[in-house]
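Work through the exercises below with the sequence and the 3D structure open. Each task is followed by a solution in steps.

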Protein chains: 2
Amino acid sequence: MQELPGVGKRYDLAFGQGGQRLSVVVRRDGTRDLYAFAERGDDEPAAVIELTEEQARILAAVLSATFFDD
Amino acid sequence: MQELPGVGKRYDLAFGQGGQRLSVVVRRDGTRDLYAFAERGDDEPAAVIELTEEQARILAAVLSATFFDD
């Protein structure tokens, strides 16, 4: 985790054998910026998704919930 | 939400004024595939991030938690 003074905090999450990774910037105003890096060693994200606090909650729910009832 | 028979469920989340969007496929084995579309109307994702159930939980925690104590 990296402090971004005056902005918020940045979390770098390394996932995936293919070298894909995510960074999330949590801003002091509650918005989250999600940076998706498609390839190992990419300096520039392939996609940047700006999420409101509410949208971040929806995404978190989809990621964490168990949806199967059988 | 869309059923993917034998695979799992797919959630399409539209976010961002720039037309960025995310799709999450929740597989029956617990893994999640996160598809990040960089531009409105893109058919192909700019990045695909495969998450284990544990990684999905970590990402969900970063997205949903409040990290500021001041």
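A polar contact is a pair of N or O atoms within 3.5 Å; within protein, one atom must be able to donate a hydrogen and the other to accept it, and residues adjacent in sequence count only if both atoms are side-chain atoms. The model is predicted: local features need pLDDT of at least 70 and side-chain atom pairs pLDDT 80 or more, while totals for chains, interfaces and linings use all residues. Residues are numbered from 1 along each chain as its sequence is written, chains are lettered from A in the order in which they are written, and side-chain values use heavy atoms, without hydrogens and water.

**Exercise 1.** Find the polar contacts of the side chain of B:Ser23 with the side chains of B:Arg10 and B:Asp12, and decide whether B:Ser23 is buried or exposed.

Step 1. The side chains of B:Ser23 and B:Arg10 are joined by a polar contact of 3.5 Å. With the side chain of B:Asp12, the polar contact of B:Ser23 is 2.4 Å.

Step 2. Buried means under 20% relative accessible area, exposed over 50%, and partly exposed in between (1.4 Å probe, protein chains only). B:Ser23 has a relative accessible area of 1%, so this residue is buried.

**Exercise 2.** Which residue forms a salt bridge with A:Asp33, and which one with B:Asp33?

Step 1. A salt bridge is a side-chain nitrogen of Lys or Arg within 4 Å of a carboxyl oxygen of Asp or Glu. Over all chains, the search finds eight salt bridges.

Step 2. A:Asp33 meets A:Arg27 at 2.8 Å, N to O. In chain B, B:Asp33 pairs with B:Arg27, their closest N and O atoms also lying 2.8 Å apart.

Step 3. A:Asp33 is buried at 6% relative accessible area, whereas A:Arg27 is partly exposed at 30%. B:Asp33 is buried at 6%, and B:Arg27 is partly exposed at 29%.

**Exercise 3.** What rotation superposes chain A on chain B?

Step 1. Copies are superposed by least squares on the C-alpha atoms of residues with pLDDT of at least 70 in both. The rotation is 180°, with 0.0 Å of shift along its axis and an RMSD of 0.0 Å.

Step 2. This is the relation of a two-fold axis. In chain A, the C-alpha nearest the axis belongs to A:Ala60, at 2.1 Å.

Step 3. Of the interface residues of chain A, 100% are also interface residues in chain B, so the copies meet through the same surface.

Methods
Contact = heavy atoms within 4.5 Å.
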